[in-house]
Amino acid sequence: MKQAFLSIGRAVESVPDVEFRFDEPLARHTSFRVGGPVRLFARPRSESALFSLLETIRELDLPFIILGEGSNVVAPDGPWEMSVLQLHLACSTLLVRGQRAEGFGGGRRIALYAGAGTSLQRVIGYCIENGLEGFESLAGIPATVGGALVMNASTSAGAISDCLVHIDLLDCDGGKRSLSREQLTPGYRSMGIPENSVVLGACFELRACSSDILKTRVEQILQKRRQTQPLRYPCAGSIFKNPDGQFAGALIEKAGLKGYRIGDAQVSSKHANWIINRGKALARDIVELIEKIENEIYGTFGVRLEREIRILG
């Protein structure tokens, strides 16, 4: 595979309007701050450039992944023969598409379109500035719109699917299509998006609301996050999904694993379902710690934890 990547370098670089990097360390692009060099790292500067790049990658039969904020992944330590694409430049649209009277609770409903490469925090800031209610429950989640849609990002206050109207996708055959919320199957940490599709953006239906009210809500949510989550350290959010009727963090704490450490990877003493990088953790330390937790929880409680985080490579 390495030889294949080396031999097609020129063919890929011929795609116009794309920022290319070769042997780019993924530690620069993941919230855990771990990950070795990836063979090809690309940022298309427009949607048309993205389409051309994906067409070339597929013609050359190169494996690829889409990487958003890198907040829900563990990237491999060693060199990785993979194409990594970011949509921050290609899919960054953020605009109001119109409004209708008679909305939720009698207020105005406003359609907002957000590109897949737009960060949730940029969307939330835009909503506060323009008085749009519906996104504030996702404040503090370090994700792009695309990543949040794939995982149906949510908190106890709501999910991104709650205000979703439709998603724009690029199929594996290069065709563009839209799926309405009714055509999807939103669930816990899943939106039901067809496999091998690339999310381009989505339309959301929001409500008119006072900017001051929204700002206060967001500040309260962020304050609670700071109090309950280990945000001082590189981390990747929740490691495991909550089993039915239980909390993964509570099980991990009951098993006596809070603060347990392998290398510089440690189960957070603030929130047991989070693993932190104390400075020099490697991906293998994090993976070993994840496996340790899984084995201990199954051995102690007979519960098989399901990973929320993705182990790449």
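User: What is the order of the strands in the open sheet of four strands?
Analyst: This is a predicted model, in which local features need pLDDT of at least 70, side-chain atom pairs count only at pLDDT 80 or more, and totals for chains, interfaces and linings use all residues. Residues are numbered from 1 along each chain as its sequence is written, and side-chain values use heavy atoms, with hydrogens and water left out. Strands are DSSP runs of E with at least two residues, helices are runs of H or I with at least four, both numbered from the N terminus, and two strands pair if DSSP finds at least two bridges between them. With antiparallel pairing, the order of this open sheet is β14-β17-β16-β15.

User: Which strands stand at the edges of this sheet?
Analyst: An edge strand here has a single partner strand, so one of its sides is left without a neighbour in the sheet. The strands in this position are β14 (235-238) and β15.

User: Which residue is the bridge partner of R261 in β16?
Analyst: Two bridges join β15 to β16, and these strands run antiparallel. The partner of R261 in β16 is Q266.

User: At what angle to β16 does helix α8 run?
Analyst: Helix α8 lies across β15, β16 and β17, where contact means heavy atoms within 4.5 Å. Axes are lines fitted to C-alpha atoms, for helices over the stretch in contact, and angles run from 0 to 180 degrees between N-to-C directions. The angle between α8 and β16 is about 30°.

User: How far apart are the end C-alpha atoms of α8?
Analyst: The expected span of a helix is 1.5 Å times one less than its number of residues. For the 19 residues of α8 (residues 283-301) this gives 27 Å, which agrees with the model. The end C-alpha atoms are apart by 27 Å.

User: Why is strand β2 largely enclosed by the rest of the structure?
Analyst: Buried means under 20% relative accessible area, exposed over 50%, and partly exposed in between, with a 1.4 Å probe and protein chains only. Strand β2 (residues 37-44) is joined to β1 (residues 18-25) by seven bridges, running antiparallel, and to β5 (residues 80-85) by four bridges, running parallel. Strand β2 is largely enclosed because, of its eight residues, the number buried is seven.

User: Which residue of β5 is the bridge partner of F41?
Analyst: Strands β2 and β5 run parallel and are joined by four bridges. In β5, the partner of F41 is V84.
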